[in-house]
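Here is a friendly briefing to read alongside the model. Please keep the structure open as you go through the points.

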Amino acid sequence: MHSLSPKVISDFNAGTKSSWLSRLSSGVAELESGTRRQWLNCRYHMRICKIVACTPERNIGGGGGGESGSRGGSSSSFLSRSQTYALLKQQMEVAAKSEDYKEAARLRDSLKLFEEEEPILRLRRLLKQAIADERFEDAARYRNELKEIAPHSLLTCSSDATTLGIRVQVRSVYIEGRSQPSKGQYFFAYRIRITNTSDRPVQLLRRHWIITDANGKIDNFWGIGVIGEQPVILPNTGFEYSSACPLSTPSGRMEGDFEMKHIDKVGSRTFNVAIAPFSLSTFGDGTDTF
């Protein structure tokens with residue numbers, strides 16, 4: 001597990017909905033200094049394979065309603081499409097950085113076509129629009145179709161849970177610059193905000209992560225504190241930090257818990273604070289809010 005520099009927050013009311021993205025970017029920049037500068041300063045040591053076309057397969061039976069065909073092989077098909085999507089995004093970034101704007105434009109158009117045709121992204125757009133238009137019957141149908149062809153896609157890239165007055169919010173994002181899809185290497189950053197809404201001070205002692213990749217492989221990780229610290233969080237204050245998770249598949253999920261204890265009374269028992277499940281996805285979830 002990789003980690004970014006922490007940020008202690010005393011007042012969470014002053015931030016904007018998208019401020020977590022700028023803080024994550026700033027954490028990424030900070031990590032690139034000193035002995036730990038290894039985050040986004042990647043020089044893309046990979047051979048670029050041109051993708052001439054990127055229209056994804058659509059497992060749609062007969063009509064144009066977006067229903068899935070046979071479920072057999074749908075998982076491997078999704079992984080293949082996700083890998084293609086991630087590779088296209090990375091190649092576009094490489095082309096733009098090398099000032100090959102003609103190639104970057106071609107890849108941009110390929111990405112746009114892919115996003116329009118990819119079943120999961122298409123159904124997400126339809127679902128979002130149906131909800132906005134209050135066409136809830138259609139929204140239910142699109143959600144059922146998503147559940148049928150890709151149940152994992154219903155899990156968002158953020159989560160929010162409160163245990164005994166300790167609120168844990170998480171948001172993940174895919175980092176193209178540190179990923180190498182052609183080698184099966186995908187890099188995800190996540191930012192965690194812990195807010196003490198109780199009237200007692202707590203200390204974070206240990207962490208436990210459960211990481212599941214798209215093939216169903218489960219890894220458990222335990223550690224002392226977070227990013228080398230065991231922070232004390234006073235009432236009505238919080239602690240915020242960024243970290244990262246490499247994955248061998250283009251999607252997965254994370255969940256876990258923090259072991260904490262109240263420090264205002266000697267001999268207090270420890271308790272576990274839930275970190276609700278959230279997605280790691282090259283597709284994202286169409287939102288940028290914490």
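## Briefing on the predicted model

Ile263 sits in the loop between strand E10 (251-262) and strand E11 (270-281); helices (H or I, at least four residues) and strands (E, at least two) are DSSP runs, numbered from the N terminus. This is a predicted model, in which local features need pLDDT of at least 70 and side-chain atom pairs count only at pLDDT 80 or more, while totals for chains, interfaces and linings use all residues. Residues are numbered from 1 along each chain as its sequence is written, and side-chain values use heavy atoms, with hydrogens and water left out.

**Nonpolar surface**

- Ile263 counts as partly exposed because its relative accessibility is 36%; buried means under 20% relative accessible area, exposed over 50%, and partly exposed in between (1.4 Å probe, protein chains only).
- Together with Val232 and Leu234, Ile263 forms a nonpolar patch on the surface, with about 240 Å² of accessible area.
- Patches are made of residues with over 30% relative accessible area and no salt bridge, joining like charges within 9 Å and nonpolar side chains (Val, Leu, Ile, Met, Phe, Trp, Tyr) within 5 Å.
- Accessible areas come from the Shrake-Rupley method with a 1.4 Å probe, and for residues only the protein chains shown count as cover.

**Salt bridges**

- The whole structure holds 14 salt bridges, each a side-chain nitrogen of Lys or Arg within 4 Å of a carboxyl oxygen of Asp or Glu.
- Asp264 pairs with Arg200 in a salt bridge, with the closest N and O atoms 2.9 Å apart.
- Asp264 is in the loop between E10 and E11 and Arg200 in the loop between strand E5 (186-196) and E6, so this pair ties together parts that are 64 residues apart in sequence.
- Arg106 forms a salt bridge with Glu103 at 2.8 Å between the closest N and O atoms, and both residues lie in helix H3, three residues apart, about one turn of the helix.
- Within that pair, Glu103 is buried, with a relative accessible area of 13%, whereas Arg106 is partly exposed at 25% relative accessibility.
- A network of salt bridges links Asp133, Arg135, Asp138, Arg141 and Glu145.

- Asp213, in strand E6 (residues 202-213), is buried yet has no salt bridge.
- The nearest side chain of opposite charge, Lys217, is 5.7 Å from Asp213; Lys and Arg count as positive and Asp and Glu as negative, while His and the chain ends are not counted.
- The side chain of Asp213 does reach the backbone nitrogen of Asn215 at 2.8 Å, and a polar atom of that side chain lies 3.0 Å from the backbone nitrogen of Lys217.
- Not counting residues up to four places away in sequence, Asp213 touches Leu247, Ser248, Thr249, Ser251 and Gly252; contact means heavy atoms within 4.5 Å.

**An exposed strand residue**

- Ile218 lies in strand E7 (residues 218-224) and counts as exposed because its relative accessibility is 51%.
- Leaving aside neighbours within four places in sequence, Ile218 is in contact with Ile210, Ile211 and Thr212.

**Positive phi in loops**

- Most residues other than glycine have a negative phi.
- Glu99, in the loop between helix H2 (74-97) and helix H3 (101-117), has a positive phi near 65°.
- Asn236, in the loop between strand E8 (232-233) and strand E9 (238-247), also has a positive phi near 65°.
- Glu99 counts as exposed at 57% relative accessibility, and Asn236 counts as exposed at 61%.

Terms used: Polar contact = N/O pair within 3.5 Å; in protein donor to acceptor, adjacent residues only side chain to side chain.
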